[in-house]
Amino acid sequence: MSDKPVRLTAPPEGYADWLADLKARIHSAQQRATLAVNRELVLLYWQIGRDILARQAEQGWGAKVIERLAQDLRSAFPEMKGFSRANLMYMRAFAEAWPDAEIVQQAVGQLPWGHNLVLLTRLKDAQQRLAYAQSAIVHGWSRNMLDIHIETRLLERTGQAITNFETSLPKPQSDLARESLKDPYRLDFLGLGHEAGEREIESALVKHVTEFLLELGAGFAFVGRQVLLDVGGDEFFIDLLFYHLKLRCYVVIELKGGKFKPEHLGQLSFYLTAVDEQVKHPQDNPTIGLLLCRSKNKVVAEYALRTNAQPLGVAEYKLLESLPAELQTSLPSIEQIERELTGDACPSNAPSPLAGEGWGEG
C-alpha cells in the first residue's frame with residue numbers, strides 16, 4: 001500500500017463550514033455516548049448494591065456473601081475489572097447513600113464512578129453530597145478538583161461574605177454577586193504564616209495567581225496588581241483588580257493585615273468611584289469592592305455596609321492552618337479501587353468502558 005498522500009481537489013465553497021459543523025456534531029455524539037455508557041454503568045452498580053442490601057436485610061446474609069459474589073462475577077465476566085470485593089462494598093454503600101433511584105438517574109448518575117467514590121468517602125450528609133455532585137456537573141470538576149473543593153469546604157463558604165448587594169445592586173445581579181463571594185477565603189497555597197504582612201500576601205497572590213483564581217471561583221479574570229489611578233493629579237494604587245465575566249463588572253480587592261475597621265470601606269469606596277469613572281466601559285455593570293481582612297466583627301461590618309450605596313463586601317482570609325481530616329471509613333481506599341478498575345497500565349487499544357471500566361478513574 002502506498003504511503004503517498006492522496007491528492008485532493010480544492011474544496012467547494014461552503015465546504016469548510018460544513019466540515020466544521022460535522023466535526024462538532026460528531027464530537028457531541030461521542031460525548032453523549034460516553035455519558036450514556038457512564039449512566040448505565042453507575043445505575044448497574046447501584047442496582048447491584050441495592051440487591052446486596054435487600055438480601056442481607058431480608059435473608060440475613062452476612063458480609064462473606066460479598067466475597068463469594070465477587071469471585072463468581074469475576075469468573076462470569078473476566079473482561080470486567082469492577083467486580084472486586086472492594087468495589088462491591090462501594091456499590092452497597094452507594095445504594096445505601098442514595099436509596100432514591102431518581103437521584104441516581106438524574107444527578108449522581110451523570111458523574112463518573114470515581115467522583116461518586118469521592119462523595120461517599122469524604123461526606124456523610126446526603127444534602128452535602130448532592131450539592132457537591134450538582135456543582136461538579138455544572139462546573140465540570142475533575143475528580144481531583146472535587147476532592148479539593150470538598151476538603152476546603154467550598155460550598156459551605158460560598159455566599160457567606162457580608163455584603164450590601166441586596167440594597168446596592170438590582171436583582172438578579174445582586175444574588176449572583178453574593179454567590180460569587182466567599183467567607184473565609186482559604187490562602188493555604190501561599191505557604192505563608194499568620195505573621196505575613198499585606199504586601200507579602202499581595203505579592204504571593206500574584207505569584208500564585210492561578211491558585212488564587214481557583215479560590216475566587218468561576219468567572220474571575222486577573223487584570224493587575226497595584227493598578228495606578230490618577231485622580232486630579234494624585235496617584236492611587238489598587239491592591240488587586242479583577243474582571244468578573246458573568247457579572248460583567250470590575251472587582252476591586254483590597255487586603256488588610258489586621259482586623260476590619262469601618263474606615264477601610266472609605267478607601268475602597270473611593271477606588272470603586274475612580275474605576276467606574278476611568279476604567280469601566282459604559283456597558284459594564286457597577287464595580288464591586290471586596291475587602292479581605294484577617295478578622296472581622298460581623299456586627300461592625302454589617303453596620304458599616306448598611307449606609308453605603310456602592311456594592312461592597314467584607315470577608316476574612318485564612319493563611320496556613322491544618323485542613324480538616326479526611327473522613328475515616330471502613331471502606332477500601334479510592335486508590336485501591338482505581339488500581340482494580342484500571343489496572344497497572346492502560347493499553348492504547350483498551351476496550352469500551354462497559355468492558356474495561358474506563359470510567360473507573362473519574
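**Questions on a predicted model**

Student: Is Glu263 buried or exposed?
Tutor: The cut-off for exposed is over 50% relative accessible area. Glu263 has a relative accessible area of 55%, so it counts as exposed.

Student: How many Å apart in space are Glu263 and Ala304?
Tutor: Along the sequence, Glu263 and Ala304 are 41 residues apart. In space, C-alpha to C-alpha, the separation of Glu263 and Ala304 is 8.5 Å.

Student: Let's turn to the whole chain. What percentage of the contacts with a separation of 6 or more comes from residues 24 or more positions apart?
Tutor: For background, the protein chain has 16 helices and 7 strands, and 43% of its 362 residues are buried. Among contacts with a separation of 6 or more, the share from residues 24 or more positions apart is 65%.

Student: How many residues has the largest nonpolar core?
Tutor: Those with the most contacts inside this core are Leu88, Phe94, Trp98, Val104, Leu119, Tyr132 and Leu146. Elements giving two or more residues to the core include helix H1 (15–59), helix H6 (126–139) and helix H7 (143–151). A second, separate core, with Ala161 and Leu255 among its members, has 29 residues. As for the largest nonpolar core, its number of residues is 38.

Student: Which residues is Val104 in contact with, leaving aside neighbours within four places in sequence?
Tutor: Val104 is one of the residues with the most contacts inside the largest core. Phe94 and Trp98 are listed there too, and both are in contact with Val104.

Student: At roughly what angle do the axes of H2 and H3 cross?
Tutor: The two axes come within 9 Å, and H2 passes H3 in a right-handed crossing. On the H2 side the contact is made by Ile66, Glu67, Leu69, Ala70 and Leu73, and on the H3 side by Arg85, Leu88, Met89 and Arg92. By class, this contact has 6 nonpolar, no polar and 3 charged residues. The crossing angle of H2 and H3 is roughly 115°.

Student: Is Ser180 buried or exposed?
Tutor: Ser180 is found in the loop between helix H10 (173–179) and strand E2 (185–186). Not counting residues up to four places away in sequence, Ser180 touches Tyr185, Leu216, Phe220, His244 and Leu247. Its relative accessibility is 10% and the cut-off is under 20%, so Ser180 counts as buried.

Student: What is omega, about, for the cis peptide bond that joins Asp183 and Pro184?
Tutor: Most peptide bonds are trans. Another cis bond here runs from Lys171 to Pro172, with omega near 5°. Pro184 itself is found in the loop between H10 and E2. For the bond joining Asp183 and Pro184, omega is about 0°.

Student: What value is phi of Arg248 near?
Tutor: Most residues other than glycine have a negative phi. Gln226, in strand E3 (residues 220–231), has a positive phi near 50°. Arg248, in the loop between strand E4 (234–244) and E5, counts as partly exposed at 48% relative accessibility. The phi of Arg248 is also positive, near 55°.

Notes. Residues numbered from 1 in each chain as written. Predicted model: local features only at pLDDT ≥ 70, side-chain atom pairs only at ≥ 80, totals over all residues. Heavy atoms only, no water. Core = buried A, V, L, I, M, F, W, Y, C linked by side-chain atoms within 4.5 Å. Buried < 20%, exposed > 50% of the residue type's maximum accessible area, 1.4 Å probe, protein only. Helix = DSSP H or I, 4+ residues; strand = E, 2+ residues; numbered from the N terminus. Contact = heavy atoms within 4.5 Å. Axes fitted to C-alpha atoms, helices over the stretch in contact; angles between N-to-C directions. Left-handed = near helix turned anticlockwise from the far one by under 90°. Nonpolar A, V, L, I, M, F, W, Y, C, P; charged D, E, K, R; others polar.
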